[in-house]
Amino acid sequence: MTRTPQQNGKRSRTKGHQWERDLVRILQAAGIGCRRNIAQAHTARLEGCDVEDTDYWLEAKCGAKPDPVAAYAQAERDRPDHDARPIVVLWKRDRREPMATLALYDAAHRGKPDAYLGGPLVTMTMAAWIETVTGTGGE
């Protein structure tokens, strides 16, 4: 069966929305309070990031070939100037382990989001990022 571009677009959006819901469940299970921001689907700059009520600007991406670097750049454009939360892209390639991409200096800051520090991007497993943020990982 051949799908139309509209059907493919709807399927992709549905998959993205499901990933946002899954992220909220995963983060809440790890003790990170958050909620899915359904308003951001229209205008992130005005409405906020994909997952809200955290100390981070969380951008969610999933699919066959998600581009975390482009997603990070998008988050930098969308995040209002007054919002100093560190940007974290939580992304998942189809049938693969979820990953987190963030600025090196923010990662080195051991998950304490006192200020956005920036720097080159690094990628780690989402589980490792959660351990860093919650303090459940080893030193």
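These legends describe close-up views of a predicted model.

**View 1**
Along the sequence, the elements follow the order α-β-α-β-β-α-β-β-α-β-α. The chain has 139 residues, and 38% of them are buried. Its accessible surface comes to about 8,100 Å². Carbon and sulfur atoms account for 52% of that surface. Take the contacts between residues at least 6 apart in sequence: 50% of these join residues at least 24 apart.

**View 1. Strand β5 pairs with β4 and with β6.**
β5 spans residues 99–103, and five of its five residues are buried. Strand β4 (residues 87–93) runs antiparallel to β5, and four bridges join the two. In this pairing, Trp91 has Met99 of β5 as its bridge partner. Strand β6 (residues 121–125) also runs antiparallel to β5, here with five bridges. Leu102 has its bridge partner in β6, namely Val122.

**View 2. Thr101 sits in strand β5 and is buried.**
The relative accessible area of Thr101 is 2%, under the 20% limit, so the residue counts as buried. The side chain of Thr101 makes a polar contact of 2.8 Å with the side chain of Trp91. Its side chain also makes a polar contact with that of Thr123, again at 2.8 Å. Leaving out residues up to four places away in sequence, Thr101 touches Pro68, Tyr72, Ile87, Val88, Val89, Trp91, Leu121, Val122 and Thr123. Pro68 and Tyr72 are among the buried residues of helix α3. Thr125 lies 24 residues from Thr101 in sequence, and their C-alpha atoms are 8.6 Å apart.

**View 3. The β4–β5 hairpin contains Arg95 with a positive phi.**
Five residues lie between the two strands of the hairpin. Arg95 is found in this loop. Its phi is about 60°, although Arg95 is not a glycine. Most residues other than glycine have a negative phi. Arg95 is exposed, with a relative accessible area of 78%.

**View 4. Asp53, in the loop between β2 and β3, also has a positive phi.**
The angle is about 65°, and Asp53 is not a glycine. Asp53 is partly exposed, at a relative accessible area of 49%. That value lies between the 20% and 50% limits, which means that Asp53 counts neither as buried nor as exposed.

An α-helix has 3.6 residues a turn, so residues three or four places apart point the same way. Asp67 caps the N-terminal end of the helix. A side-chain oxygen of Asp67 lies 3.2 Å from the backbone nitrogen of Val69.

**View 5. Helix α5 has four buried residues: Met126, Trp129, Ile130 and Thr132.**
They sit on the same side of α5, because their arc around the axis is only 160°. The helix spans residues 126–134. Gly135 follows α5, with a positive phi near 75°.

**View 6. Tyr56 and Trp129 form an aromatic pair, the one such pair in the structure.**
The ring centres are 5.4 Å apart. The planes stand at 75°, so the pair is edge-to-face. Planes over 60 degrees apart fall in that class. Tyr56 lies in the loop between β2 (51–52) and β3 (57–63), while Trp129 belongs to helix α5. The pair therefore ties together parts that are 73 residues apart in sequence. Both partners are buried: the relative accessible area is 8% for Tyr56 and 3% for Trp129.

Conventions
Residues numbered from 1 in each chain as written. Predicted model: local features only at pLDDT ≥ 70, side-chain atom pairs only at ≥ 80, totals over all residues. Heavy atoms only, no water. Buried < 20%, exposed > 50% of the residue type's maximum accessible area, 1.4 Å probe, protein only. Arc of directions from axis to C-beta. Phe/Tyr/Trp six-rings, centres within 6.5 Å; stacked < 30°, edge-to-face > 60°. Contact = heavy atoms within 4.5 Å. Areas by Shrake-Rupley, 256 points an atom, 1.4 Å probe, with all protein chains shown as cover. Pairing = 2+ DSSP bridges. Polar contact = N/O pair within 3.5 Å; in protein donor to acceptor, adjacent residues only side chain to side chain.
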